[in-house]
Amino acid sequence: MSIAAASPGFLSPTGVEIAFLLVGLVTFGAALVTVTTRQLVHAALWLVVALGGLAVEYLLLTAEFIAWVQVLIYVGSVVVLLLFGLMLTKAPIGRSPDADSGNRWAALLVAGAAAAALVWVVVDAFRTTWIDLDGAAVGTTKVTGESLFQNWVLPFEALSVLLLAALVGAIVLSRKAKADAAASSRAPQERGDQGADRSEDRNTDRSAQEGAR
Amino acid sequence: MHLAYPAVLSALLFCTGLYGVLARRNAILVLMSVELMLNAVNLNLVAFDVWLTRAAIETLHSGQALTLFTIAIAAAEIGIGLAIVLAVHRNRGTSDIDRLRDAAEGPDDDLDDGPDSDAAARAQAAGKAEATA
């Protein structure tokens with residue numbers, strides 16, 4: 001195929017490539033700050049920058065629908081969920097010195113080795129492959145919707161069932177401990193007569209709950 | 001555009017997420033790193049789909065459809081993951097994955113009996129409530 005022979009070199013980048021490179025640097029830097037910062041809420045906010053940068057990369061690759069889905073779902077809901085999770089688990093505001101575990105140097109070694117191997121292999125395999133971005137966009141809403149509802153209908157419907165199952169599962173996981181706690185705190189109130197035993201019981205229960213908290 | 005640019009960016013983002021999964025201690029930060037890895041895979045899928053749509057004859061747009069499915073599954077995963085983390089935090093009082101070592105075997109079993117004793121006391125109290133009820 002003559003695409004490989006006709007591809008331009010790396011030293012004469014086009015405008016799209018320069019934009020992709022700059023946004024990619026911002027995205028990669030934000031991802032690095034996300035995994036290295038010691039302030040938990042800042043990690044979630046830098047994750048917004050990384051995911052938004054990826055949405056811009058999708059736009060540069062002419063995948064418009066994916067870009068807006070990325071903005072809606074990731075930046076809109078996933079980060080909000082993560083922030084809610086940070087708040088509900090009483091994450092410390094400010095620097096927390098134990099954000100990284102003890103095996104961070106082993107993790108750095110593994111990640112560095114994986115990055116070196118992957119970048120080497122990928123650059124060696126695709127250094128002459130050229131994406132033709134001219135002409136009609138390949139990822140408009142019309143094209144994506146047609147392919148999704150003509151060729152991918154069955155996985156799409158199965159995915160909706162999976163989302164429903166995940167929703168019900170999340171509700172069950174969130175409610176179960178609360179129902180248990182309510183049952184165990186209601187149980188001593190329902191029996192009226194064993195007074196001393198009941199108060200001792202409730203004290204034990206409350207102190208155990210405070211210890212667990 | 002060269003295909004190497006998105007492929008290299010995707011590899012670097014994936015390894016950043018890999019470092020975060022291995023090195024972080026808070027469970028929610030681990031979930032954030034998992035999101036980074038999933039996004040790296042999504043970028044790869046979109047880039048190769050854009051390339052193959054122009055280079056091949058018929059591709060069914062599979063890359064972008066798979067990207068949409070991955071995004072939906074990631075949303076479900078983050079919901080379930082956060083529910084699990086909240087349940088663990090409610091029961092144990094911590095969301096540090098280094099301290100959740102109940103299933104661990106090894107010589108350091110007696111070092112981490114802080115959350116275990118709390119859970120044991122709570123189970124004992126619950127058992128007593130059940131017995132007296």
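User: What is the volume of the second largest pocket?

Analyst: Happy to start there: this is a predicted model, where local features need pLDDT of at least 70, side-chain atom pairs count only at pLDDT 80 or more, and totals for chains, interfaces and linings use all residues. Side-chain values use heavy atoms, without hydrogens and water. A pocket is an open set of points on a 1 Å grid over the protein atoms alone, where a 1.4 Å probe fits, with protein on both sides within 12 Å along at least five of seven lines; lining residues have an atom within 4 Å of a point. Filling the points with probe spheres, the second largest pocket comes to about 340 Å³.

User: Which helix gives the most to the lining of the second largest pocket?

Analyst: Helices here are DSSP runs (H or I, at least four residues), numbered from the N terminus. H4 (64-88) and H7 (153-190) of chain A and H3 (62-92) of chain B each supply at least two lining residues. The one that gives the most, with 8 residues, is H3(B).

User: Where does the second largest pocket lie relative to domain 1 and domain 2 of chain A?

Analyst: Domain bounds come from an automatic or database domain assignment. Because domain 1 (3-138) and domain 2 (152-213) both give residues to the lining, the pocket lies between them.

User: Which side chains meet in a salt bridge?

Analyst: A salt bridge puts a side-chain nitrogen of Lys or Arg within 4 Å of a carboxyl oxygen of Asp or Glu. The count between chain A and chain B is 1. At 3.1 Å, N to O, the partners are B:Arg24 and A:Asp100.

Notes
Residues are numbered from 1 along each chain as its sequence is written. Chains are lettered from A and ligands numbered from 1 in the order in which they are written.
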